Amino acid sequence: MSALKIGVLLSGSGTNLQAIIDAIEGGLPVEIVRVVSSRPDAFGITRAERAGIPTCALDRTVYEDPSAADALIAEQMKDAGAEYIVMAGYMRKLTPVMLDAFPDRVLNLHPALLPSFKGAHAIQDAWDAGVKVTGVTVHFANEDYDKGPIVAQRAVPVLETDGIDALEERIHATEHVLYPEVLRLLAEGRISIDAERKVRIS
């Protein structure tokens, strides 16, 4: 089986990127062909460079025209041979330019059980709501923020002894397991989207 070629988008420390890199070293049939960061100081770029992955770091001036920024990123990813785009802590909303370049091939990771707690503060929002269970969702991105077809979810209980930092740590640990699992399913050709826009796993 040939390795699935992915491009990774990130904005921060790159812990999910590192989890994927580690999984690849452990036999995950995936190749990261390029990492693009929305911030030049993101530590995720350093992680990629240490792993020998080609990188591209953008800055806020590039994003003054979001569509032009996405056109640049799409070109970078296509030139690198990416088959799927994996958002790993990427804090910019994708425009139709990027989504149309990779239709149903952009994965996003969200730190809650969608459709609950959409948006950029999902962990804090779940904590403030006092829920007893939250979790992690992997979904395909579309133009509706945090509303694309759900690929996989995993629950994370909110323990009586938790502070929000402990909860956040367990959510991130769950992300680091679930994302490589989904990428393996993709690499094995086991994920599809049916006519009702629901994800099927064979």
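Me: Which residues lie nearest the centre of the largest pocket?
Reply: This is a predicted model, in which local features need pLDDT of at least 70, side-chain atom pairs count only at pLDDT 80 or more, and totals for chains, interfaces and linings use all residues. Residues are numbered from 1 along each chain as its sequence is written, and side-chain values use heavy atoms, without hydrogens and water. A pocket is an open set of points on a 1 Å grid where a 1.4 Å probe fits, with protein on both sides within 12 Å along at least five of seven lines; its lining residues have an atom within 4 Å of a point. Of the 38 residues lining the largest pocket, those nearest its centre are Gly89, Tyr90, Met91, Leu109 and Pro111.

Me: Which elements give two or more residues to the lining of the largest pocket?
Reply: Elements are DSSP runs numbered from the N terminus: helices (H or I) have at least four residues and strands (E) at least two. The largest pocket holds about 790 Å³ of space. Two or more of its lining residues come from each of helix 1, strand 5 (106-110), helix 5 (122-129) and helix 6 (164-187).

Me: How are helix 1 and helix 2 placed relative to each other?
Reply: For helix 1 (residues 15-25) and helix 2 (residues 43-50), the axes come within 9 Å and cross at roughly 15 degrees. Angles under 35 degrees count as roughly parallel, over 145 as roughly antiparallel, 65 to 115 as roughly perpendicular and the rest as oblique. Helix 1 and helix 2 are therefore roughly parallel.

Me: How do the residues of the contact of helix 1 with helix 2 divide by class?
Reply: Contact means heavy atoms within 4.5 Å. Thr15, Leu17, Gln18 and Ile21 of helix 1 meet Gly44, Arg47 and Ala48 of helix 2. Counting Ala, Val, Leu, Ile, Met, Phe, Trp, Tyr, Cys and Pro as nonpolar, Asp, Glu, Lys and Arg as charged, and the others, Gly among them, as polar, these residues divide into 3 nonpolar, 3 polar and 1 charged.

Me: Are helix 5 and helix 6 parallel or oblique to each other?
Reply: Ile123, Gln124 and Trp127 in helix 5 meet Ile164, Leu167, Glu168, Ile171 and His172 in helix 6. The axes of helix 5 and helix 6 come within 11 Å and cross at roughly 130 degrees. The two helices are therefore oblique.

Me: Which residues of helix 6 make the contact with helix 1?
Reply: Helix 1 and helix 6 pack at an angle of about 55 degrees, with their axes 9 Å apart. That makes helix 1 oblique to helix 6. On the side of helix 1, the contact is made by Thr15, Asn16, Ala19, Ile20 and Ala23, and on the side of helix 6 by Glu175, His176, Tyr179, Pro180 and Leu183.

Me: Which two residues does a cis peptide bond join?
Reply: Most peptide bonds are trans. Pro115 is found in the loop between strand 5 and helix 5. With omega at about 15 degrees, the cis bond joins Leu114 and Pro115.

Me: What is the phi of Asp104?
Reply: Asp104 is found in the loop between helix 4 (96-101) and strand 5. Although Asp104 is not a glycine, its phi is positive, at about 55 degrees.

Key:
Axes are lines fitted to C-alpha atoms, for helices over the stretch in contact, and angles run from 0 to 180 degrees between N-to-C directions. Grid points are joined across faces, edges and corners, and a volume is the space filled by probe spheres set on the points.
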